[in-house]
Amino acid sequence: MEEIITANDIIENARLSSNATYEMAVLDRLALTAQNMVLNLLDRTYNDLITEYGEIPPDIKTACIMLATHLYENRTPTTGVHLSDVPYTIDCILKPYLRY
């Protein structure tokens with residue numbers, strides 16, 4: 001499967017230490033999960049996006065990075081402190097790409 005984002009994108013966005021290699025397996029998994037969530041929401045495959053736009057649009061990549069970072073920072077399904085949905089910003093970024 002082609003990658004929209006990598007673990008290094010999450011490291012940069014989450015401002016993790018560049019030697020966060022101990023977390024690479026987790027970050028790789030979250031990158032793939034975020035990518036799949038976005039592609040499922042858009043009802044497209046990686047290849048569909050390439051065919052439609054010639055490349056992965058930067059805002060879709062940004063949404064994937066933001067979602068993966070959100071998943072990294074909120075790794076448990078619930079907390080006693082704060083429950084929230086995926087950030088509204090991600091919805092706003094992806095809305096123009098939704099098929100109705």
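Partly exposed means a relative accessible area between the buried limit, under 20%, and the exposed limit, over 50%. Keep those cut-offs at hand for this tour of a predicted model.

**Stop 1: Glu52**

Select Glu52. Its relative accessibility is 37%, so Glu52 counts as partly exposed. Arg44 counts as buried because its relative accessibility is 10%.

Arg99 is at 45% relative accessibility, so Arg99 counts as partly exposed. Keep all three selected: Arg44, Glu52 and Arg99 belong to one network of salt bridges with shared partners. The structure holds 2 salt bridges.

**Stop 2: the aromatic pair**

How many aromatic pairs does a search of the whole structure find? The count is 1. Select Tyr53 and Tyr97 to see an edge-to-face pair. The ring centres are 5.4 Å apart, and the planes make an angle of 75 degrees. This pair, too, links distant parts of the chain. Tyr53 is in helix 3, Tyr97 is in the segment after helix 5, and they are 44 residues apart.

Is Tyr97 buried or exposed? Tyr97 counts as buried, because its relative accessibility is 10%. Tyr53, at 37%, counts as partly exposed.

**Stop 3: helix 2**

Select residues 24–42. This is helix 2, with 19 residues. At 1.5 Å a residue it should span 27 Å. Check the end C-alpha atoms: they are 27 Å apart, so the span agrees.

Now colour the buried residues of helix 2. Among them are Val26, Leu27, Leu30, Ala31 and Ala34. Further along, Gln35, Val38, Leu39 and Leu42 are buried as well. What covers these residues? The cover includes helix 1 (7–13), helix 3 (46–53), helix 4 (58–73) and helix 5 (88–94).

**Stop 4: the nonpolar core**

Select Ile4, Ile5, Val38, Ile60 and Leu94. In the largest nonpolar core, which has 29 residues, these five touch the most other members. Helices 1, 2, 3, 4 and 5 each supply at least two residues of this core.

Zoom in on Ile4. Leaving out residues up to four places away in sequence, Ile4 touches Gln35, Leu39, Tyr46, Ile56, Lys61 and Cys64.

**Stop 5**

Most residues other than glycine have a negative phi.

Step past the end of helix 2 to Asp43. Its phi is positive, about 55 degrees, although Asp43 is not a glycine. Asp43 lies in the loop between helix 2 and helix 3. Its relative accessible area is 55%, so Asp43 is exposed.

Then go to Arg15, in the loop between helix 1 and helix 2. Phi of Arg15 is also positive, near 55 degrees. Arg15 is exposed, because its relative accessible area is 77%.

**Last stop: confidence**

Colour the model by pLDDT. The average for the protein is 88, and 90% of the residues score at least 70. Where is confidence highest? Helix 3 has the highest, at a mean of 97, while helix 5 has the lowest, at 88. Where pLDDT is low, the predicted coordinates should not be read in detail.

Key
Residues numbered from 1 in each chain as written. Predicted model: local features only at pLDDT ≥ 70, side-chain atom pairs only at ≥ 80, totals over all residues. Heavy atoms only, no water. Helix = DSSP H or I, 4+ residues; strand = E, 2+ residues; numbered from the N terminus. Expected span 1.5 Å × (residues − 1). Buried < 20%, exposed > 50% of the residue type's maximum accessible area, 1.4 Å probe, protein only. Contact = heavy atoms within 4.5 Å. Phe/Tyr/Trp six-rings, centres within 6.5 Å; stacked < 30°, edge-to-face > 60°. Salt bridge = Lys/Arg side-chain N within 4 Å of Asp/Glu carboxyl O. Core = buried A, V, L, I, M, F, W, Y, C linked by side-chain atoms within 4.5 Å. pLDDT = per-residue confidence, 0-100.
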